[in-house]
Amino acid sequence: MLASLRPSLGTSLTTLCLTLSMLGHAAELKHEDLFNPNRILEIAIDLPESDWKELCSQSRDFRSAFANPSAKPFSYFKGDIAINGVRVSSVGIRKKGFLGSLDENRPSLKIKFDEFIDQAPIAGMDRLTLNNNKQDNSLVSQFLTYSIFEKAGLKAPRCNYARVTVNGDTLGLYSHVESIRKPFLERAFGKGEGILYEGTLSDFYPKAIDRLELKKGNKDRAATKINRLAELLATDTALDLQEVEKLVDVDYFIRFWALESLIGFWDGYSNNQNNYFFYEHPDNGKFYFIPWGADGAFQGGMGMMRRMQNAENIAVYGESMLANRLYHTADIAERYRETMR
């Protein structure tokens with residue numbers, strides 16, 4: 001009886017596997033499914049071994065990084081990927097990271113679908129951002145940070161996890177983070193036509209605002225707005241809060257600022273003028289800050305910095321121009337305290 005069942009059982013299993021395989025490759029990749037926090041994505045990358053070695057070896061040094069933090073030292077290489085078994089060919093793959101996350105064996109990665117050919121395999125997404133969590137042994141800092149910002153009513157990228165392989169070799173678990181581009185802006189703010197800047201070791205200093213990187217929007221109009229904000233913050237007299245509030249949603253910023261301090265995000269805007277975006281909402285023309293690069297949260301500092309601070313909890317991060325000037329402005333400290341409570 002068992003012997004007679006074996007051929008049909010084997011045939012049935014083979015047919016089932018082939019059917020599932022065909023369905024997997026024919027399946028449509030859906031934007032919302034790729035950020036399901038209860039599922040780990042499977043991302044398989046294939047590209048020539050020589051290209052992979054060159055990608056891994058690309059880097060940046062301390063001098064050039066601090067002199068020009070927005071420089072782009074990484075190039076795209078053409079390869080194929082499979083996301084949960086669904087194959088997408090001829091995508092652009094490059095290394096990403098500033099200094100702390102750089103790694104020659106297990107790099108953080110950016111995958112751009114339309115870098116080499118015109119394609120949009122996932123509606124509402126044009127790229128993947130895969131962070132290697134090098135500065136976060138717990139692997140949960142980014143996931144928790146962005147979730148907490150969202151729960152606090154602030155705008156933040158979605159995040160879940162992906163198991164990444166390259167040419168069959170497993171690189172391990174990565175944080176898969178929603179890229180701060182037009183699809184994110186449309187989802188989070190309802191509109192994606194406003195000005196978008198990224199800040200990497202940069203702030204609103206009048207002589208150094210060119211270090212802020214314009215990612216989207218009219219260059220002249222954007223420069224007018226950030227120049228005006230820089231002028232207001234740099235004044236030796238009392239800060240003109242009414243004028244600042246024409247450019248920045250101050251209530252929103254106080255919540256952003258308090259939350260960075262609360263979770264010990266030492267490498268964000270308020271403390272280190274790093275790892276942030278800000279977006280001008282088209283409806284009111286005001287800037288809204290967005291967290292980024294949060295693998296350093298829940299720590300209070302990195303290495304020697306944390307030891308020098310004796311791992312104390314700091315209630316107010318006030319190193320950035322905007323946070324510092326606001327805290328020394330009438331009534332803002334009390335508003336901050338109430339927000340923190």
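Q: Where is Phe298 found?
A: Phe298 sits in the loop between strand S11 (287–291) and helix H10 (304–308); helices (H or I, at least four residues) and strands (E, at least two) are DSSP runs, numbered from the N terminus. This is a predicted model, in which local features need pLDDT of at least 70, side-chain atom pairs count only at pLDDT 80 or more, and totals for chains, interfaces and linings use all residues. Residues are numbered from 1 along each chain as its sequence is written, and side-chain values use heavy atoms, without hydrogens and water.

Q: Is Phe298 buried or partly exposed?
A: Buried means under 20% relative accessible area, exposed over 50%, and partly exposed in between (1.4 Å probe, protein chains only). Phe298 counts as partly exposed because its relative accessibility is 41%.

Q: Which residues meet in a salt bridge with a distance of 3.5 Å, N to O?
A: A salt bridge is a side-chain nitrogen of Lys or Arg within 4 Å of a carboxyl oxygen of Asp or Glu. Here the side chains of Lys134 and Asp103 meet in this way (3.5 Å, N to O). Lys134 lies in the loop between S5 and helix H4 (141–151) and Asp103 in the loop between strand S3 (86–96) and strand S4 (108–112), so the pair ties together parts 31 residues apart in sequence. Lys134 is partly exposed, at 41% relative accessible area, whereas Asp103 counts as buried, at 19%.

Q: How many salt bridges does a search of the whole structure find?
A: The search finds 22 salt bridges. Among them, Arg127 pairs with Asp126, their closest N and O atoms being 3.1 Å apart.
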